[in-house]
Structure formats: structure tokens, C-alpha cells
Amino acid sequence: MLITSVVIIVVPLLLTAVAFMGIGMYVVNSEQENELADINYSSSNYTIENYKHMTEEVIQEIKEQMQENSARLEDKEYLEEINNSLINKSSYIIVRKGNEIYYAGNSKAAEKIFNKLPAYGSNVPDAETGYYYNDMKKFVKQLDFTFLDGAKGSFFIVTRVSTLISRKMLTDMVLAYILILIFTSIILTQWIKKGIFTPINQLNTAMQNIAEGNLEYRLANDEKGEIGELYRNYEDMRLRLKESTDEKIEHEKQNRELISNISHDLKTPITAVKGYVEGIMDGVADTPEKMDKYIKTIYNKANDMDRLINELTIYSGIDNNRIPYNFHRINVADYFGDCVEEVGLDLESKNIELNYDNLVSPETQIIADPEQLKRVINNIIGNSIKYLDKEHGVIDIRILDEVDSIRVEIEDNGKGIAAKDLPNIFERFYRTDASRNSSQGGSGIGLSIVKKIIEDHGGYIWATSKEKEGTCMHFVIRKYEEPEK
């Protein structure tokens with residue numbers, strides 16, 4: 001807008017100044033070239049011819065009157081009528097009779113020039129000659145005639161040349177200024193069209209594509225200034241919309257997959273529960289030992305269903321960033337000692353060896369949610385149990401000191417994770433077991449929950465693994481430091 005304002009003001013002014021100087025110099029030079037001495041009564045040149053043409057109609061009319069009835073030139077009312085027609089042409093008439101003024105359209109001006117007017121007979125009939133007086137800037141045309149009483153008469157048309165020059169300059173300047181405005185308007189219109197309207201039309205086309213769902217339509221980002229910034233904002237918006245749309249599509253896909261996984265994983269324990277309940281109802285469990293086995297199996301399957309439902313609830317909290325946290329300052333040695341003791345009983349019942357090493361000082365503390373951190377440990381150990389393929393399973397838990405943090409390692413001797421799967425195991429719904437059998441199947445969200453909880457604690461988690469040897473999960477949480485007093 002600033003450039004446009006400057007152009008609108010400066011360009012016409014500059015071009016007008018150039019036009020004014022050019023036209024002025026041309027007129028002045030023309031006038032100087034045409035200046036003639038008074039005593040020579042020299043004939044007019046090309047520039048003076050322009051003035052002569054302005055009174056041609058009057059001269060022609062006077063000639064016709066001289067031929068038809070020269071007596072009309074003695075009628076002062078008629079002469080007054082002719083003089084009035086010449087006022088708007090910066091001219092007036094003088095009629096001389098002998099050596100006296102018979103009629104003057106401008107008495108004061110006539111007295112100054114009368115004695116310099118050419119004598120009777122100086123004019124050649126029908127030659128259309130004229131005379132220019134340099135000192136008075138007057139151009140004079142003469143027609144001689146004879147009065148009815150035989151006196152010699154002359155009819156003069158006197159034109160103020162300086163006024164004509166000013167009017168001609170004014171006319172030329174107005175025309176030049178109009179041309180300058182038209183030229184400037186065309187230039188500015190083309191510039192604004194190229195710089196504003198064309199980019200806006202391109203942006204309008206792009207927005208229509210966005211409205212129609214085509215998020216791949218790109219705008220060339222090589223514009224400068226406000227238009228370039230507008231293009232960059234559009235491109236940022238397009239990329240954000242595309243990212244949001246892609247995330248939405250992926251989210252919907254994951255939700256469908258979650259429903260499918262949960263449905264599949266719930267179907268297996270429900271089928272088992274129904275089968276064992278029907279066995280009890282049909283009297284198949286006819287001994288206390290069978291009845292006890294059936295009831296324990298039903299209980300375990302109900303726990304499996306409860307675990308799946310809990311994972312679904314936790315996943316819903318993760319998806320909406322609504323995991324409930326209740327952070328406390330907890331002692332690392334005491335907390336992990338209790339956790340190991342709790343999970344040790346379950347592992348012992350499954351004939352899995354548990355080893356625990358705490359290498360941090362007894363007073364080390366962290367800020368954590370005890371319940372959510374326990375969910376992390378249980379999910380990791382649950383995965384280890386799920387994928388143990390050795391007759392003698394081993395799980396090692398180590399707490400290491402990392403100066404300003406603690407690092408927890410949970411390692412098993414299971415079947416390990418393939419290198420191609422390792423980078424993806426913390427993604428939601430990612431499963432390394434494509435078969436989805438009942439013993440190893442899962443919802444695929446356990447480790448994504450673990451990652452979310454650790455990150456919400458300000459830590460980070462990763463995994464290392466070797467196929468057929470085992471997997472180790474590592475996560476780091478910062479220590480609590482007492483504020484300085």
C-alpha cells in the first residue's frame with residue numbers, strides 16, 4: 001500500500017513536471033524563433049499561422065461583406081457584433097478611416113498600437129498575411145476597403161499572442177495530464193492485477209480445493225511481502241489440516257482395530273467361561289477336584305476380561321489426556337522393594353525366577369504416582385510373562401543410579417523382539433504376534449500406556465532385545481532434589 005501510494009502521487013507529478021518543461025520550452029523556443037522587428041512587419045511563420053487560423057472565419061466573412069456591401073463595415077452595431085464574437089479568441093477589431101480610429105473593440109489597447117499599424121495598401125488582397133509585434137505580443141491581420149464617401153479604410157483584427165500561448169499551453173498541459181493519468185492508471189492497474197488480484201485468485205482456487213477436501217493442492221511460496229506471508233500462512237494451514245486429517249483417519253483406524261482386538265480377546269475367555277459353566281451345569285465336574293479346577297479357570301478367565309476392560313479404560317484416558325495422576329514424593333528403595341515382593345508371589349506360582357538389584361542410595365526419592373507407576377511395572381512384567389518361551393523363565397529387575405535420575409531395567413529371557421519390530425512396540429495397537437492366539441494375544445495398547453505414563457512423569461523409555469535371548473525395558477525418572485534453603 002505504501003508503494004502504491006507513492007507511485008500514485010510521485011509518478012504523475014514527475015511526468016507532469018517533465019511535460020510542463022517540455023511544452024514550455026517548445027513554446028518559448030517557437031516564440032523566440034518567430035520574433036520579428038516591428039518596423040519590418042514581417043509575415044507570420046508556422047507558429048503564428050496557428051493564431052491566424054483562429055480568425056479565419058471572421059476574415060472570410062468580412063471579405064464577403066466587402067464584395068456584397070462594403071457599407072456594412074461602416075455600421076458600428078455590426079462591428080460591435082463582430083468584436084463580441086472575437087472576445088473568447090483573445091482578439092478585438094480596429095477600423096481605421098483615413099488616419100483616425102473609426103471603431104475600436106478595445107479603446108485603450110487600440111491607442112497603444114494604432115500608430116504602428118501598417119499603412120493603407122500594405123496588405124495584398126486575398127494573401128492572408130499578418131504582422132507580429134514583438135514588444136506588445138500582438139498579431140495583426142489587415143483588410144483594406146473604401147468608405148462610401150471615398151475615404152480609405154482598413155479593417156484590423158488584433159490578437160493577444162501571449163494569452164494564446166498561455167491558453168495553448170494550458171490546453172496542451174491538460175491533454176498531457178490526461179494522458180499521464182491514463183498511462184499511470186494502466187501501469188498501476190496491471191501492477192495491482194499482477195501483484196494482488198492474480199495471487200488472490202490463486203489463493204481463492206486453493207481455498208476451494210481445501211473446501212472440497214483436496215489437501216494436496218499447494219501454492220508456490222516464492223511471493224514476497226504480505227502476499228508471500230499470506231501464501232505461507234495458507235501452506236501452514238494446509239499442512240496442519242492434512243496432518244490433523246491424517247491423524248483423524250489413523251485414529252479412526254486404530255479405534256476400529258481396538259474394537260476388533262478387544263472383541264476377539266473377550267470372545268476367547270467368554271467362550272471358555274461358558275464352556276466350563278455348562279460343564280458344571282451338566283454335571284461334568286462331578287468330583288471336588290474337577291469342580292475346583294473349573295472354578296479356578298472361570299476365575300482366571302474373568303480376570304483376563306477384567307484386565308482387557310481396564311486397558312480399554314486406561315486407553316480412553318490416554319486418548320483424551322485424562323489419566324488421573326496423584327503425585328507423591330516416594331522413596332525408591334522402599335517402593336520398588338514392595339513392588340518386587342508383590343509380583344514375586346505371582347511369578348513364583350508360574351515357576352518364573354525373579355532377581356532384584358537396587359544400586360541407588362537408600363535415601364533416593366522421586367516424584368511419582370505410585371498407582372500409575374505400578375501399572376507400568378505390571379504391564380512390562382505381564383508382557384515378559386506372555387512371551388517367555390523357556391522352560392525356566394527368568395526376570396531381572398535392576399534400579400541403577402544415573403546421577404540426577406534413576407534408571408529401571410526389567411529384563412527377561414523370553415523369545416525377544418525382531419529388530420524390525422523394536423522401533424514400533426510402543427505404538428498403540430502394534431502387535432508382534434500376528435496369530436493372536438489366546439495365550440499371547442493382547443489389545444496392543446499395553447506398552448503405549450507405559451510410554452504415556454513415563455512421559456507424563458517427565459521421563460523416557462526404550463527397549464533393547466535379541467531374538468531368542470530376551471528383551472530389556474529401560475525407563476528413566478528424575479530424582480527429587482531438596483530445594484536449597
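Which residues are buried in helix H4, residues 76-86? They are Tyr-78, Leu-79, Ile-82, Asn-83 and Leu-86, where buried means under 20% relative accessible area, exposed over 50%, and partly exposed in between, with a 1.4 Å probe and protein chains only. These residues cover an arc of only 140° around the axis, which puts them on the same side of H4; the arc is that of the directions from the helix axis to the C-beta atoms. Helices (H or I, at least four residues) and strands (E, at least two) are DSSP runs, numbered from the N terminus.

Before I go on, please keep in mind that this is a predicted model, in which local features need pLDDT of at least 70 and side-chain atom pairs count only at pLDDT 80 or more, while totals for chains, interfaces and linings use all residues. Residues are numbered from 1 along each chain as its sequence is written, and side-chain values use heavy atoms, with hydrogens and water left out.

At the start of the helix, a side-chain oxygen of Asp-75 comes to within 3.1 Å of the backbone nitrogen of Glu-77.

Now to the charged pairs. Side chains of opposite charge can pair when their charged atoms come close. How many salt bridges does a search of the whole structure find? The search finds 16, a salt bridge being a side-chain nitrogen of Lys or Arg within 4 Å of a carboxyl oxygen of Asp or Glu.

One of them joins Lys-242 and Glu-216, at 3.5 Å from N to O. Because Lys-242 lies in helix H7 (residues 225-281) and Glu-216 in the loop between helix H6 (161-211) and H7, this pair ties together parts that are 26 residues apart in sequence. Lys-242 is partly exposed at 22% relative accessibility, whereas Glu-216, at 52%, counts as exposed.

Another salt bridge links Asp-401 with Lys-479, whose closest N and O atoms are 2.8 Å apart. Here Asp-401 belongs to strand E9 (residues 393-401) and Lys-479 to the segment after strand E12 (470-478), so the parts tied together are 78 residues apart in sequence. Lys-479 is buried, at 16%, while Asp-401 is partly exposed, at 37%.

How values were computed:
A polar contact is a pair of N or O atoms within 3.5 Å; within protein, one must be able to donate a hydrogen and the other to accept it, and residues adjacent in sequence count only if both atoms are side-chain atoms.
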